[in-house]
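Q: I would like a close look at one part of this model, namely its charged side-chain pairs and what surrounds them.

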Amino acid sequence: MTTGPAAVLWDMDGTLVDSEKVWTVSLQDTARALGGELSAAGRSAVIGSDMPRTLAVLFEDLGLAPEPARLAEAERLLSDHTAELFAAGLEWRPGAREALRMVRAAGWPAALVTNTGRALTEPVLDVIGRQFFRFTVCGDEVAAGKPDPDPYLRAAELLGVSAADCLAVEDSPTGALAAERAGAGVLVVPCEEPVPGGPGRVLRTSLSGLTPADLRHAYALTRPARVA
């Protein structure tokens, strides 16, 4: 039996695949279709966010009234365009593929926990490999997405473990906060945005070379801050 976390909970965008750059293009194109330009601050504010928050920030950034019909149209534009860009191909984050294989070989159960909706997540799972995850939880399948803890709490529930006994792997401030609020330890590998440290977080520059010992050590370092 392996020691360390009861399960490993993986974020997707920016953690396993370098899709945040794709989201940037899609968001910028959607903003232009709405008649404006997304600011750098606006883009930064939605990294790791779910669709409702993304649309709310987008409309606020563009100075648009959040009328239901226009929000629905913006969501359709953003989702359809992102799906097209995803289909054109996604690059792995450095070391991510090998890290997934390592966790599986070591015997840790794993779940994918993403703020991306199910329709966009499904084709990405074909690229990443469904076999690496016992369950997947998407942003449109919980009451509130990250930074709320719901996605991580749901993943732990499906796996039959306590979130406090899990280690989440995240790249963004939003995702790290969600995992932290759920009670999980967080291995942070920043992508587009710097992520502040904290007692329940272990920062790492890349997933490249990640070993079972590294993962156990990260879990051990975060646990005292969560059980004190």
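Predicted model: local features only at pLDDT ≥ 70, side-chain atom pairs only at ≥ 80, totals over all residues.

A: Residues are numbered from 1 along each chain as its sequence is written, and side-chain values use heavy atoms, with hydrogens and water left out.

One of the salt bridges joins the side chains of Glu192 and Lys21, at 3.2 Å from N to O. Its partners come from distant parts of the chain, 171 residues apart: Glu192 lies in the loop between β5 and β6, and Lys21 in helix α1. Helices (H or I, at least four residues) and strands (E, at least two) are DSSP runs, numbered from the N terminus. Glu192 is partly exposed at 32% relative accessibility, and Lys21 is partly exposed at 45%; buried means under 20% relative accessible area, exposed over 50%, and partly exposed in between (1.4 Å probe, protein chains only).

Lys21 also makes a side-chain polar contact with the side chain of Asp18, at 3.2 Å. A polar contact is a pair of N or O atoms within 3.5 Å; within protein, one must be able to donate a hydrogen and the other to accept it, and residues adjacent in sequence count only if both atoms are side-chain atoms. Asp18 sits in the loop between β1 (7-10) and α1 (20-33) and is buried, with a relative accessible area of 14%. Not counting residues up to four places away in sequence, Asp18 touches Glu91, Trp92, Arg93, Cys191 and Glu192, where contact means heavy atoms within 4.5 Å.

Asp29 is partly exposed at 30%, and so is Arg32 at 43%.

Another salt bridge pairs Glu122 with Arg130, the closest N and O atoms being 2.8 Å apart. Salt bridges that share partners join Arg118, Glu122, Asp126, Arg130 and Glu141 into one network.

Now the sheet. Its 6 strands form an open sheet with parallel pairing, in the order β3-β2-β1-β4-β5-β6; two strands pair if DSSP finds at least two bridges between them. At the edges are β3 (135-137) and β6 (201-203), each pairing on one side only. Strand β5 (residues 185-188) is joined to β6 by 3 bridges, and Leu187 has Val202 in β6 as its bridge partner.

Finally, the cores. A nonpolar core is a set of buried Ala, Val, Leu, Ile, Met, Phe, Trp, Tyr and Cys residues joined through side-chain atoms within 4.5 Å. The largest has 49 residues, and those with the most contacts inside it include Trp10, Leu16 and Phe133. Leaving aside neighbours within four places in sequence, Phe133 is in contact with Trp10, Leu16, Leu100, Ala110, Ala111, Leu112, Leu125 and Ile128.

Definitions and conventions: Salt bridge = Lys/Arg side-chain N within 4 Å of Asp/Glu carboxyl O.
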